[in-house]
Amino acid sequence: MYNLPRQFTGGIIEEFARARGSTDVSKSWYPGHQHMGEWHLFADLNRTDEDRVGSPVVRVADPDEAELFYVPFFSSLSLLVNVNRRLAVADDQVYSDDKMQDELEYWRRNNGRDHVIAAGDPNALNRVMDRVKNSVLLLSDFGRVRPDQGSLIKDVIVPYAHRINPYKGEIGVKKRNTLLLFMGNRYRKDGGRIRDLLFRLLEGDKDVIIKEGTQSREDRRAANRAMHTSKFCLNPAGDTPSACRLFDAIVSLCVPVILSDSIELPFEDVIDYRKIAIFVRTKDSLQPGYLTNLLRGVSTERILEFQKELKQVSHYFEYKEPNGAVNEIWRQVSQKLPLIKLMINRDKRLIKRDLTEPDCSCLCTSQTDGVASV
């Protein structure tokens, strides 16, 4: 892990606290929000070797021994410092000027291919994405990256940190009297425009709760109670295909109903999402009565099966669990190593060519029809 100046980690935490009116930023802590996975990854690599026994990756002190380089930059938190600014630190301090490039001397060695960078917020690193696109990016989805920047092959889809308390009770439907729940912003951009249409369609429907929600503590408490007492939780797209609500639903054992045709999901090599969620095409969901009739037709036995599977996989979405999200992300990253080595060696022997068609190394995302031209 790079020993970057503190401004990229602790300094951003202090800037966030200062922006929120704190007068003693020295006692600031990383705030709870949906992209705090970047904090947990950074904290994990700062633990002792004894505390990291069983991790899929081992931190080394000698760069020459390293196979991968983690770049510790709280890129998502920097966006929250001031919503009217792109970054909490100056642009010329973010992987862009000669001084930073000199500091990241190993960056130039392999064109960044062996670097790992967290960019959970869809707008994180927006200004420098073209400069870091060779790296292993830890992304929530591909909603704001181009096919030549993000790829299921080279990158890792990571879960949002859930904001709802995990459900601690047993599986069952007796205390879950609400059929379908959605609490969130009604108006979003791009694929999230479906939300307003769903509000119009479902408002007033029997056994359905669909209402505007905010990030206030009061609304989070209300959402906590509602998710723990609902059978199904609606998960439409937001401004990008994914949203943190999915992971709130999972830990609440509220069966997710996913209405996002372009969504990418974390850890699909170990999780079969068909066993824990119901997928509905956006077009179908907007037919009057379609969603509620579909869900009312799901038997109690099937709901219990969903809940059982949700309970079994929920640890994958817990960033504080010893064998949870952090270790699974590192495992996913480590699986990229053979491809990284292939691309590094290939880069070294290639002669620069002027191509009119995509290079065979173009690792496109599944935004079209799966991975293309590998």
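**Charged pairs and cavities**

I began with Asp269, which is partly exposed at 46% relative accessibility. I kept in mind that this is a predicted model.

Which residue does Asp269 form a salt bridge with? I found Arg331, with the closest N and O atoms 2.9 Å apart. The pair links distant parts of the chain, 62 residues apart. Asp269 lies in the loop between strand 8 (255-259) and strand 9 (278-279), and Arg331 lies in helix 12 (residues 325-334). Arg331 is partly exposed too, with a relative accessible area of 23%.

Next I looked up Asp44 and found its side chain in a salt bridge with that of Arg52 (2.9 Å, N to O). Are these two buried or exposed? Asp44 has a relative accessible area of 5%, so I noted it as buried, under the 20% cut-off. Arg52 is buried as well, at 6%.

Then I turned to Asp148, whose side chain meets that of Arg146 in a salt bridge (2.9 Å, N to O). Asp148 is partly exposed at 36%, and Arg146 is partly exposed at 38%. Both belong to a network of salt bridges that also links Asp130 and Lys133. My count for the model came to 20 salt bridges.

Last, the cavities: I counted four of 30 Å³ or more.

Methods:
Residues are numbered from 1 along each chain as its sequence is written. This is a predicted model: local features need pLDDT of at least 70, side-chain atom pairs count only at pLDDT 80 or more; totals for chains, interfaces and linings use all residues. Side-chain values use heavy atoms; hydrogens and water are left out. On a 1 Å grid over the protein atoms alone, a cavity is a set of points where a 1.4 Å probe fits but cannot get out, and a pocket is an open set with protein on both sides within 12 Å along at least five of seven lines; lining residues have an atom within 4 Å of a point. Grid points are joined across faces, edges and corners, and a volume is the space filled by probe spheres set on the points. A salt bridge is a side-chain nitrogen of Lys or Arg within 4 Å of a carboxyl oxygen of Asp or Glu. Buried means under 20% relative accessible area, exposed over 50%, partly exposed in between (1.4 Å probe, protein chains only). Helices (H or I, at least four residues) and strands (E, at least two) are DSSP runs, numbered from the N terminus.
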